[in-house]
Amino acid sequence: MTADVRADLYPSRGAAEMTTPRQDPVIWSAPGAPGPVAAKELQGFERDGFLTVDQLIGPDEVAGYHAELERLIADPVVRADERSIIEPKSRKVRSVFEVHRISEVFARLVSDERVVGRARQILGSDVYVHQSRINVKPGFGASGFYWHSDFETWHAEDGLPNMRAVSVSIALTENHDTNGGLMIMPGSHKSFLGCSGETPKDNYKKSLQMQDAGTPSDEALTRMAGRHGIKLFTGRAGSATWFDCNCMHGSGDNITPYPRSNVFIVFNSVENKAEEPFAAPVRRPEFIGARDFTPVR
């Protein structure tokens, strides 16, 4: 008697790159389901893979969250925690993961209905936090994040079986067109690019500073950019961008004097719980890929 073989809808980390058509819905809720996202916005999300909210949180709230970000990155205890990622050159804090567990301030933001309500509506279910972090991109040389699909990593290394997760990036400083803002290829979420190369053991220790495994080839990125184009997101502090887990996205270095900081939250459906990795020797730590599936309330 043979053991059941787990279906892998999105193979990756093999001998060669391969493209797989998306097997999952983009919008999981039924048409007309109640929620804060208007029908026209949902149609745009289905088509492009993202939506923007010009003012998700107000100026006073932005000031409070930004002050909490500054407090966290200045705390030597937080800096020494494994959940903090340090820039390899400047030795400044680049990101702090699991921020909703470290900080009560950011925990309240996660459960804010303006935030979690959109996730529930897009994913058509209760949700839990698969990942949260603050990203700090100070001026004068903070490094960017190379092109990638989050789902490729979350599937290969965290074990998310389906594309039923959504991310939100909430700006805590102004996003100019010059200070390393988020870039997305609209419509790229409709196909999955499986990357080549095996996943090294403890790959996360390197990938959180500089992505290597799970990185698309130049040829694939050129084809995708030619087909989809590239959208650069700008906006004032308090604006937010929601995007599908399979969007091809990245951001450039920030060599301007103007910092760019944001809080980043990944909501996953409780019906899409993480399993064992599909293409990695071991799971990533829980502060990167959660194994607590408690719904956000």
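These notebook entries record what I looked up in the structure.

**Entry 1: the model.** I noted that this is a predicted model, in which local features need pLDDT of at least 70 and side-chain atom pairs count only at pLDDT 80 or more, while totals for chains, interfaces and linings use all residues. Residues are numbered from 1 along each chain as its sequence is written, and side-chain values use heavy atoms, with hydrogens and water left out.

Entry 2: I looked up strands and helices as DSSP runs numbered from the N terminus (strands E, at least two residues; helices H or I, at least four). I took two strands as paired if DSSP finds at least two bridges between them. I then followed β8 (residues 182–184), which pairs with β10 in the antiparallel sense over 2 bridges. I184 stands opposite K231 in β10.

**Entry 3: strand β5.** I checked burial, where buried means under 20% relative accessible area, exposed over 50% and partly exposed in between (1.4 Å probe, protein chains only). Strand β5 (residues 127–137) is mostly covered, with 11 of its 11 residues buried. It runs antiparallel to β4 (residues 93–97), joined by 3 bridges, and F97 stands opposite R133 in β5. Strand β13 (residues 260–269) is also antiparallel to β5, joined by 10 bridges; there, N268 is the bridge partner of Y128.

**Entry 4: the second largest pocket.** On a 1 Å grid over the protein atoms alone, a pocket is an open set of points with protein on both sides within 12 Å along at least five of seven lines, and lining residues have an atom within 4 Å of a point. I found a volume of about 230 Å³ for the second largest pocket. It is lined by 18 residues, and the closest to its centre are T52, F233, T234, S239 and T241. At least two lining residues come from each of β2 (50–53), β7 (165–171), β10 and β11 (240–244).

Definitions and conventions. 1 Å grid on protein atoms, 1.4 Å probe; cavity = no way out; pocket = protein on both sides within 12 Å on 5 of 7 lines; lining within 4 Å. Points joined across faces, edges and corners; volume = space filled by probe spheres on them.
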